[in-house]
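Reader: Hi! Could you walk me through this structure, step by step?
Author: Happy to; here it is.

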Amino acid sequence: MGNSDVIIRLEKVSKSYGDKQVLKNIDLTIKKGTIMGLVGKNGAGKTTMIKSLLGLLKLDSGKASLFGEDSWDLPGEVKQKLGYVPQSVNGFDGWMTVDALLEYTSVFYDKWNKNKVDHLLKDWNIDPKARFRSLSEGEKQKVAIIMAMGHEPELYIFDEPVASLDPVARRSFIKELIDLNIESGTTMLFSTHITSDLERIAADVAILKDNELKYVGGLSDLKEKYGEQLNLEDIFLELNK
Amino acid sequence: MKLIFGTIIYYFRSYTKFNIILLLISTIITCHKIFFLGSGDSLFSHKDITFSKFIFIVIFTVFMLGLFWRILLILIESFTSDILQMIPEIRKNTLYLCALILSISFGWAIFIIGAGDINILIHFSILNLWIVSLFLTIVSKALVPIYRTRKLWILKWIFVLFSIIIPIITAKGPSRHPRLYIFLISTFLIVLLYQLINFIRNYINFRTDLISNHKTPGSKIDKLQDMIENFYTRRSMKTIDKLKTGQYSKRSTSLVHIALFGNEYLFLWLFIGLITGTVYVHFIKEFSPLPLFVGIMLYFGLVSLQVTYMVFRQKFKIEFLYTSLCLTRNDFEKLLLKTVIKCHLSRSYKTLIAILTAVVINNIFLDAVSFIPLIIYIASVYLMQIIVIYMYWYNIISRRDYALIKQVNVIKYIS
C-alpha cells in the first residue's frame, strides 16, 4: 500500500496538561479500510489522542495528520470525509427534537443519506419527535452515532461509542460497522473498555499504557504472542499488571 | 447540631470559589458601611447619592441575588442527590441551614441598610420576599411542589400578577393609594406564607408526586418552557429548510448561530433581568444619568457573561461545529468571533431599547435636554463594549484548543 492509503498518522506525538504528561512519543499509522480498536485504562490518554488527531487539542510536539493533512488545520474537504462521535454528547441543551437535530446536521454536509438515518432511528427505537434532553444517555449516544453516520464518511472516529448502549444496541451498532467496512471499506478508529466488542469487530488493536502505545498490530498476532486461550481482556489485564 | 455543622462544611466545600466570593463581597460592603457611611446614613437613602454609593448598591444587590442563588442550589442538591438522601434527616437539616443563612443575611442586610428609614426597610424586605417566592416557584416547577393540590392553579396566576406588581408598588410606596397598597402587600404575603408552609412540608416529606404531568390549567405555566422551545425549534427548522434549498447565502453563520444561541437560557435571563430591575427600582423616584450609566455598564457586562456562558457551557457544541463545518481553523475562528460579537451587540441593543422606554415612562420630568448626555453616555459605553468584547473574544478563540483547557477554564471562572 502506498502513502496515499494512510488515513491516520501520528508521529512522535506528545501532550501534557500542566505537569501531567498524557501522551509520550506516540507513533501510529492507520491505513484505509482498517478497523483499529484503542484500548487503555481510565485516564490512559485515549480521548486526548483522539482529540489531538481531530485538531481539537494542540500538540506539545510531534505531528498528527488525517488524509495526509495536518490535523491542527484540517481543510473543509477532509472534514466532509470524517464522522466523529465524542464520549459525551450533551450538546444543544436538549431543546432540539431528534429529527430537528438530524435535519440541522444534514445541512453541514454535501450528501446525506436520509433513508439510512430513518432506518437507524427505527432500528434503534428512537422517537424522532422526542426532545434530545428527554433521551437517556444511551439514546443520546445512539443519536450521536446516527449524526456521524448520515453523511457516510470515509473515516469514523469513535470515542467510547458503546459505553452507554445496551447489549442489543451494541450488537446492532457493531453489525452496522462491520457492514460498512465490508461494503465501502470505511476506516474506523474507536476506543472502548468493552474488549469483547473489539474482538468481534477489530482486526487491529492499539494498547495505551503509561502514556505510550505498548502494542500496535493485529489482534491475532497479539493472541499468538500471549496464547490463543487468552481473550483480549485477559491480555489487557496481563499487560497492565 | 453535629449534622448541621457537617452540612455547613459540606456546602462550603462545594462551590468553594462562589462561597468565598460571597464572603469577600459581604466583608467589603460591611467595611464600606462602618468606615464610610456610619450608622446615620442608609445605603439605600436617595439623599446625597454618590458614585461610590451607587456602586455599593449594585454590589449589595448582586450579593443578595447571589446568596439566594446559592441557597437555591443547596435546596436542590439536598433534594436530588441520591448520596445525600442516605444521611438521616438531611432535608430537615438543610432547611435549618438555609433558614440560618437567611436570618443572618437579613440581619446583616438591615445593619447595612440602616434601620432609620422604615419605608426603605419595608421596600427591601418585600422585594427580597418576592425573590424568595420567585425562587420557590422555580424550584416547584421541577422539584418540590408549593401547592397542596393541583387544583390551586389560580395561585400560580396570582403569583405571576404579583411578579409584575410587587417590585413597582414597593418602590413607589404607600403614599398615593395606601389602602390598595396594604391590600396588595397583604395578599402577596399570604400567598407567600402559603407557598412557604407547603414547600417546607413537601420538601421534608420528599413529596414529588404532586408535580403535575396532567393537562390541568395550572400546568400551562409549567409548559411555558416547552412552548418557547417549540418556538425555537420551529424557527430553527425554517432556517434549516431555507439553508437546504439554498435561500440563505450565510450558511455557516446560521449553523453556528443555531448551535450556540438557538435557545435562550431562561434562568440566566431572569437573573440578569432581576439585577437590572432591582437596581433600577431603587432609582425610580429620583432619576440621575449617573446611576443609569453604571446600570447600563453592569447590564452589558452581564449580557457578555451570559453570552460567554452560552458558548462554553457545552464544549461538545464547539467541537461539533469545528469538526463538521467545512472551514479551515482560521475561517472557523473568524466566523465564531463574528457570530459571538453580533450576538453580544444585538442583545445589548434590544434590551437597551426596553431600558430607555422604561426610563421615559417612569421619568416624565426628563426633558429633551437631558436626553443628549444620556445618549452620549450610552453611545460611549456601547463603543467601549465593542472594543472590550472584540479583544476578549479574540484572545479566547484565536489559535486555542477547543477540546479541554479553554472551556474548562471559562466554565470554572463563570461558576
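Author: What follows is a short chat about the cores, strands, a helix and the chain contacts.
Author: This is a predicted model, where local features need pLDDT of at least 70, side-chain atom pairs count only at pLDDT 80 or more, and totals for chains, interfaces and linings use all residues. Residues are numbered from 1 along each chain as its sequence is written, while chains are lettered from A and ligands numbered from 1 in the order in which they are written.

Reader: Thanks! How many residues are in the largest nonpolar core?
Author: The largest nonpolar core has 94 residues, and A:L53, A:L66 and A:I157 have the most contacts inside it. Such a core is a set of buried Ala, Val, Leu, Ile, Met, Phe, Trp, Tyr and Cys residues joined through C-beta atoms within 7 Å. A residue is buried if 20 or more other C-beta atoms lie within 10 Å of its own, exposed if 12 or fewer, and partly exposed in between, with C-beta atoms placed from the backbone.

Reader: And which helix gives the largest share of this core?
Author: Helix α5 (residues 137-149) of chain A, with seven residues. Helices (H or I, at least four residues) and strands (E, at least two) are DSSP runs, numbered from the N terminus. Apart from that core lies another, of twelve residues, including B:I29 and B:F54.

Reader: What does A:L66 touch?
Author: Leaving out residues up to four places away in sequence, its contacts include A:I8, A:L53 and A:L82. Contact means that the C-beta atoms, placed from the backbone, lie within 7 Å.

Reader: Why is A:L28 called partly exposed?
Author: Because A:L28 has 18 C-beta neighbours inside 10 Å. A:L28 lies in strand β2 (residues 20-31) of chain A.

Reader: How many residues of chain A are in contact with chain B?
Author: There are 29, in contact with 29 residues of chain B. On the chain A side, α2 (76-80), β6 (82-85) and α3 (98-106) each supply at least two residues.

Reader: And what span should helix α2 of chain B have?
Author: At 1.5 Å a residue, its 22 residues (16-37) should span 32 Å, which agrees with end C-alpha atoms 30 Å apart. The expected span is 1.5 Å times one less than the number of residues. Just after α2(B), B:G38 takes a positive phi of about 75°.

Terms used
Contact = placed C-beta atoms within 7 Å.
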